[in-house]
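Q: Hi! Could you walk me through a few features of this one?
A: Happy to, let's bring it up.

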Amino acid sequence: MTVDRPLRVGVVCPYSFDHPGGVQFHARDLAEALLADGHQVSVLAPAGDGTPVPEYLVPAGRALAVHYNGSVARLAFGPVTAARVRKWLATGQFDVLHLHEPAVPSLSMLALWIAEGPVVATFHSSLVRSRSLQIAYPFVRQSLEKITARIAVSEDARRTLVEHLGGDAVVIPNGVYVDRFAAAAQDPAWTGTAERPTVAFLGRLDEPRKGLSVLLSAVAQVQRTIPGIRVLVAGGGETGADQAAEAGPEVAAAVELLGTVTDAEKARLLASADVYCAPQTGGESFGIVLVEAMATDTCVVASDLGAFRRVLDDGAAGVLFRNGDSADLAATLVRVLTDRVGAAAARARAAQVVRRYDWSAVTKQVLAVYEMALAGRDAPVGEDPSVLRLLRRDRGEPR
């Protein structure tokens, strides 16, 4: 990189840290990676007074729960919030302002309206058709022109940006601290045996698109071949027990509801399971937990969404099943749990693939975008060949 001085970076996350999810974790981990690289970072995000947050995060107050992209997003908006954003920007005097999801009606949109200077925006959402983005576009169209450089976390997120908001972006994936997950110890309570293998699921239980019902429907079929299977279900929501009961008493007996887990518990859960299952049915732009599971040397079984297919190297670094097809998922789980050689081959490929998502690699790519933003390029990053050359250099690819 040619960024040869510490930068003052302001990161804005639109979603509340009261109920963290993928975007919040991305903003947090990016901030910590930049801090470790010697830069000064401040993160602005919604968070209630009693919510524990890292010292570099500035809470912007409580957020309102809104249904968005098939889930419940907690957003902050309004004149009081705008005043907090304005104060944070004035105090920070940032070299680069990095906004996440600037088209979402929350802090990032407010910051974009107010901001001056280099602005980098990361787009996370993957939607086939979004009425909310179509409605928002007239309100953000002019502000989007203030963005100096655009990043999409996946080709799916890039497609959503192009189709709904116009412009283009360079694809830089979500990051994972690979070595942290690789070092995670197994928990005896979650470690399976040949007779009682464990399958882990992580996601919000009351969001249908996370696919818990698809997995539970498959379990009943798996039990015919592997009666001792255990299903470890982690995540917030009130519907897990009801969904398990609806699948039948034998399935309910095999399901262990773990509730919300900490980062350390998540790593141990992924390291302990024989299989991590991602049965999501849509609305996924990347699949960060797939990468985390791959880093723990656990075999991943996932629906064949485009985002998951790309993370799993088209099925070479994991095993794909037909989206929404419980019968195909059941057959896939039986095959993976009984064919140890095949599972080992997928895990070996995953160990190679996962390194491209380590924060050490991802941060270099983000800094390349910052460099172009600071240089005042007129072309959007996705269309700027000099940026693409920089990213290829950092990835070790031919120019």
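A: One term before we start: buried means under 20% relative accessible area, exposed over 50%, and partly exposed in between, with a 1.4 Å probe and protein chains only. This is a predicted model, where local features need pLDDT of at least 70, side-chain atom pairs count only at pLDDT 80 or more, and totals for chains, interfaces and linings use all residues. Residues are numbered from 1 along each chain as its sequence is written, and side-chain values use heavy atoms, leaving out hydrogens and water.

Q: Great. Is K266 buried or exposed?
A: K266 is buried, because its relative accessible area is 10%.

Q: And what does K266 touch?
A: F181, L202, V261 and E292, leaving aside residues up to four places away in sequence. Contact here means heavy atoms within 4.5 Å.

Q: New topic: how do helix 1 and helix 15 cross?
A: Their axes come within 10 Å and cross at roughly 85 degrees. The two helices are therefore roughly perpendicular, a label for angles of 65 to 115 degrees. Axes are lines fitted to C-alpha atoms over the stretch in contact, and angles run from 0 to 180 degrees between N-to-C directions. Helices are DSSP runs (H or I, at least four residues), numbered from the N terminus.

Q: Which residues make that contact?
A: Helix 1 brings H26, D29, L30, A33 and L34, while helix 15 brings W359, T363, V366, L367 and Y370.

Conventions. Angles under 35 degrees count as roughly parallel, over 145 as roughly antiparallel, 65 to 115 as roughly perpendicular and the rest as oblique.
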